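Visitor: Before we begin, could you take me through this structure slowly, explaining each term when it comes up?

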Amino acid sequence: MSQSGVINWAEIDDVLLDMDGTLLDRHFDNFFFEEELPRRYAALHGLPFEESRARLMAMYRSVEGELAWTDLHYWTERVGIDVVALHWELDHMIGFLPGAEPFLTEIRRRGKRITILTNAHTSGVEVKAAKTGLHRYVDRIVDAFEVGYLKMRPEYWPTCQRLVGFDPGRALFVDDDEGCLHAAQRFGLARIVHSAKSSSRLPAEASSRFTSVEQMTALLHGHRFPAGD
């Protein structure tokens, strides 16, 4: 950011973007893991929905922050349901957040290198790219399994930098997960933005620590940031 608090695109070479909740509507993931998978698990095991949901939420929390947290093959084995096939079955629910496609188109026109950094599993990325054509807007999609860590882990960022080759001082990173933003900040990324409107079905939630935007296009039009960000 410049001293005036306005993003200076001439100082940015790499645009590093989260996928779910930043470019793609997180409503799909919320519905999938909090509603549909518990419903299928309940039917499989003859459980009431609320009990099934509570069991799965406890399973999710038990591996939060580890690669297993987003590993679709791990969840297939653990719950006894083909989670990847269920993604394909429900792919009609996958879509871009408002403003994401125009933002990507304009950033590419400006000649910036666009890399998606996602905690998602490789199989999930394949489903979402096939449905949205997301891969056609960007230079590269790097999932957490290529890096070996999730983005909120400090080990993630030096490994990711070696893979992608970005200069932290000339990169912009946008994510809806504040844990990931804090890890990036500690690593030394100079420009960090929080995606406040991660789901089309939930209200925006601004960050108290990072500059927040509700649509990515806000970053294109002389968007003013608080001094010191």
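Guide: Let us start with a term: a nonpolar core is a set of buried Ala, Val, Leu, Ile, Met, Phe, Trp, Tyr and Cys residues joined through side-chain atoms within 4.5 Å, where buried means under 20% relative accessible area, exposed means over 50%, and partly exposed lies in between, with a 1.4 Å probe and protein chains only. This is a predicted model, in which local features need pLDDT of at least 70 and side-chain atom pairs count only at pLDDT 80 or more, while totals for chains, interfaces and linings use all residues. Residues are numbered from 1 along each chain as its sequence is written, and side-chain values use heavy atoms, leaving out hydrogens and water.

Visitor: Which residues touch the most other members of the largest nonpolar core?

Guide: That core has 48 residues, and W9, L37 and F103 are the ones that touch the most other members. Helix α1 (residues 27-45) gives the most to this core, with six residues; helices here are DSSP runs of H or I with at least four residues, strands are runs of E with at least two, and both are numbered from the N terminus. A second, separate core has 17 residues, among them V142, W157, L181 and A184.

Visitor: Why is the pair of Y74 and W75 called edge-to-face?

Guide: Rings of Phe, Tyr and Trp (its six-membered ring) pair if their centres lie within 6.5 Å, and planes under 30 degrees apart count as stacked, over 60 as edge-to-face and the rest as tilted. Y74 and W75 are 4.9 Å apart centre to centre with 80° between the planes, so this pair is edge-to-face by that rule.

Visitor: What makes the pair of W157 and F187 stacked?

Guide: Their ring centres are 6.5 Å apart and their planes stand at 25°, so the pair counts as stacked. W157 lies in helix α8 (residues 156-164) and F187 in helix α9, so the pair ties together parts that are 30 residues apart in sequence.

Visitor: Why is W157 called buried, and why does F187 count as partly exposed?

Guide: W157 has a relative accessible area of 0%, and is therefore buried, whereas F187, at 25% relative accessibility, counts as partly exposed.

Visitor: How do you know that R209 lies over the face of F210?

Guide: A charge sits over a ring if NZ of Lys or CZ of Arg is within 6 Å of the ring centre and within 35 degrees of the ring normal. R209 is at 5.5 Å from the ring centre of F210 and lies over its face.
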